[in-house]
Amino acid sequence: MSLTPVRDQSGSGRLRSSRLQVPDGTLIVLDETKLASGQLNQRGVRNVQVLEQLCNEQVLGYDFVYYSMDQPVDLPVLIVSQGAKSIVRSDFCLHVRPSVSVDTSTPHDPALLDKLRLALALLRDQSSPEFHIPPEINAEVERHFVERRKEEVSNGAGGKDNAVDDLHRLLTVCRIQSRGSYNSNVTEVEWRRAVEMEWKGLLDNGVEADGPSAVNLA
């Protein structure tokens, strides 16, 4: 099964649709807990690459056999996996450590679920006012970026853009926090909370987990 639309060479010349051709805003859930040990074939390796590109770049490639074309999409991805790492690289990793047993047979409160859906929709609403970074917070952001760049150079990673990607994630977290607090300006508390999340390893996929499960977000 190919996760990318592929042109049919049997005669029609039309694109064969893929499971990732869904309307913008659709939540893609990848359940890695169902994976079994084995070896990936060429198609499997390509599908993992497609999922990583979707997670990190929000584009879906269309395979026209002799060339490919990337199309922008808006598809949030949720990866549920066992252990610390997912096979698909993602931006955020949340380790779930349940302290009490939960009765999964009990239905959730529909009113609560509707409120959660509304909150997520508001956070993703592109028409919401753009958030602003006050001068004093902007100075903190610049200082943080310069320090990360120096770390990359000292670690021999000067050719990579890890610091740029990290800064983008931090600002995204700040924007979400601002919207959740009904603020149009980033506060010092929100910026420091985002940096603390980065320090604790919540904004990447490389942290060892004590608990059995991890939820990866992209």
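**The second largest pocket and its surroundings**

Strand 3 (28–31) and helix 1 (42–57) each contribute at least two residues to the lining of the second largest pocket. Helix 1 is the biggest contributor, giving five residues to this lining. Here helices (H or I, at least four residues) and strands (E, at least two) are DSSP runs, numbered from the N terminus. A pocket is an open set of points on a 1 Å grid over the protein atoms alone, where a 1.4 Å probe fits, with protein on both sides within 12 Å along at least five of seven lines; lining residues have an atom within 4 Å of a point.

The model is predicted, with local features needing pLDDT of at least 70 and side-chain atom pairs counting only at pLDDT 80 or more, while totals for chains, interfaces and linings use all residues. Residues are numbered from 1 along each chain as its sequence is written, and side-chain values use heavy atoms, leaving out hydrogens and water.

In all, 24 residues line the second largest pocket, and Met1, Leu3, Leu30, Leu35 and Leu51 lie nearest its centre. The lining comprises 14 nonpolar residues, five polar and five charged; Ala, Val, Leu, Ile, Met, Phe, Trp, Tyr, Cys and Pro count as nonpolar, Asp, Glu, Lys and Arg as charged, and the others, Gly among them, as polar.

Turning to the whole chain, five helices and eight strands are found, in the order β-β-β-α-β-β-β-β-α-α-α-α-β from the N terminus. Of the 218 residues, 32% are buried (under 20% relative accessible area, 1.4 Å probe, protein chains only).

Methods
Buried means under 20% relative accessible area, exposed over 50%, partly exposed in between (1.4 Å probe, protein chains only).
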